[in-house]
Amino acid sequence: MRHGLEISCGGASVAVSTLVELGELAERANWDGVFLEDYLIHYSGDEPFTYDPWLVLAAIAGRTDRVRLGTTVTALPRRRPAKLAREILTLDHLSAGRATVAVGVGDPGDRGLAAFGEQTEVSVRAAMLDEGLDLLTGLLGGGRVSHQGTHYRADGVSLRPAPVQSPRVPVWVGGSTQAGAVRRRAARADGIVPYKLTDTDGWSDFTPDEVHDLVNALPSTRADGQPFDVAVGGRRRRSDESAERAYLGELAAAGATWWLEFVPAGDAATMRAAVARGPLR
């Protein structure tokens with residue numbers, strides 16, 4: 001099981017230079033991945049600083065050699081799939097094949113939806129995600145894509161250069177496992193970033209048995225033949241590190257391929273310390 005960081009894309013006074021520094025520090029501290037939130041307006045405070053994750057990840061790519069780079073999770077219905085695919089493919093080349101993207105329907109509390117006239121109806125966003133996922137995975141494979149749908153269109157177009165990774169940049173699907181559509185969508189992609197509850201204000205860890213059941217309900221391999229990714233976590237490290245380490249071992253035995261530890265927005269020193277301590281292996 002690999003260990004990644006989920007890092008806030010902004011906050012009350014977070015500097016973009018700090019986010020780039022954290023990505024560089026993550027590689028030195030032996031983390032395996034750096035995944036940024038994707039919001040137009042961060043959820044904390046009245047007018048929080050917020051940064052574009054793909055630009056930040058591009059800067060991190062130039063300062064690292066090994067760590068995997070991506071988002072958890074990008075709300076695909078508020079993005080144009082072709083533009084997002086171009087950004088991801090560019091990162092894939094900048095990082096020499098280390099890009100990953102996780103997509104979902106979007107946080108219902110995302111202030112960047114209604115504020116900019118984006119679609120807020122959940123059923124419509126779900127339909128956009130279903131359609132956009134097919135278009136995105138096709139474009140990230142570098143082949144010629146033809147698509148005529150309700151929300152998107154592609155007239156026999158391919159995005160060049162083709163991805164460094166073969167057969168495509170890995171695509172994960174995020175969302176609550178209480179919604180069966182999340183597992184269905186993930187099965188069409190390369191991985192899942194699940195959370196347990198639909199209530200994003202609450203939190204509950206997956207048990208090892210639940211992870212085992214989830215792994216068995218999903219494909220065993222992804223498009224490149226590697227194990228299908230099940231990236232669990234998304235919270236801060238518990239204070240009892242011995243108990244945490246034992247729990248992570250149980251998740252790995254159950255089939256989880258990633259543990260994602262959250263680094264919330266805060267002062268720069270606190271965020272650095274959370275990254276510098278490295279993963280619990």
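**Barrel, aromatic cluster and salt bridges**

Gly 175 stands opposite Pro 194, a residue of strand 10. The structure is a predicted model, in which local features need pLDDT of at least 70 and side-chain atom pairs count only at pLDDT 80 or more, while totals for chains, interfaces and linings use all residues. Residues are numbered from 1 along each chain as its sequence is written, and side-chain values use heavy atoms, with hydrogens and water left out.

Strand 10 (residues 191-195) pairs with strand 9 in the parallel sense, over five bridges. Strands (E, at least two residues) and helices (H or I, at least four) are DSSP runs numbered from the N terminus, and two strands pair if DSSP finds at least two bridges between them. Eight strands close into a barrel with parallel pairing, in the order 1-3-5-6-9-10-11-12. From one strand to the next, the twist averages 25°. Helix 2 (residues 53-61) lies across strand 3, strand 5 (68-75) and strand 6 (99-104), and runs at about 175° to strand 5. Contact here means heavy atoms within 4.5 Å. Axes are lines fitted to C-alpha atoms, for helices over the stretch in contact, and angles run from 0 to 180 degrees between N-to-C directions.

Five aromatic pairs are present in the structure. Rings of Phe, Tyr and Trp (its six-membered ring) pair if their centres lie within 6.5 Å; planes under 30 degrees apart count as stacked, over 60 as edge-to-face and the rest as tilted. Phe 35 and Trp 172 form a tilted pair, with 5.4 Å from centre to centre and 35° between the planes. Phe 35 lies in strand 3 (residues 33-36) and Trp 172 in strand 9 (residues 171-176), so this pair ties together parts that are 137 residues apart in sequence. The ring of Phe 35 also pairs with that of Trp 258; the centres are 5.4 Å apart and the planes are at 85°, so the pair is edge-to-face. Because Trp 258 belongs to strand 12 (residues 258-263) and Phe 35 to strand 3, the parts tied together are 223 residues apart in sequence. Phe 35 and Trp 172 are both buried, as is Trp 258, with a relative accessible area of 0%. Buried means under 20% relative accessible area, exposed over 50%, and partly exposed in between (1.4 Å probe, protein chains only).

Elsewhere, Arg 238 lies over the face of Tyr 247, at 5.3 Å from the ring centre. For such a placement, NZ of Lys or CZ of Arg is within 6 Å of the ring centre and within 35 degrees of the ring normal.

A search of the whole structure finds 24 salt bridges, each a side-chain nitrogen of Lys or Arg within 4 Å of a carboxyl oxygen of Asp or Glu. In the one between Arg 188 and Asp 134, the closest N and O atoms are 2.7 Å apart. Arg 188 lies in the loop between helix 6 (180-186) and strand 10, and Asp 134 in helix 5 (residues 122-139), so the pair ties together parts that are 54 residues apart in sequence. Arg 188 is partly exposed at 29% relative accessibility, and Asp 134 is partly exposed at 44%. Asp 155 forms a salt bridge with Arg 153, with the closest N and O atoms 2.6 Å apart. Asp 155 is partly exposed at 47%, whereas Arg 153 is exposed at 60%. A network of salt bridges links Asp 38, Arg 78, Arg 79, Lys 83, Glu 87 and Asp 110.
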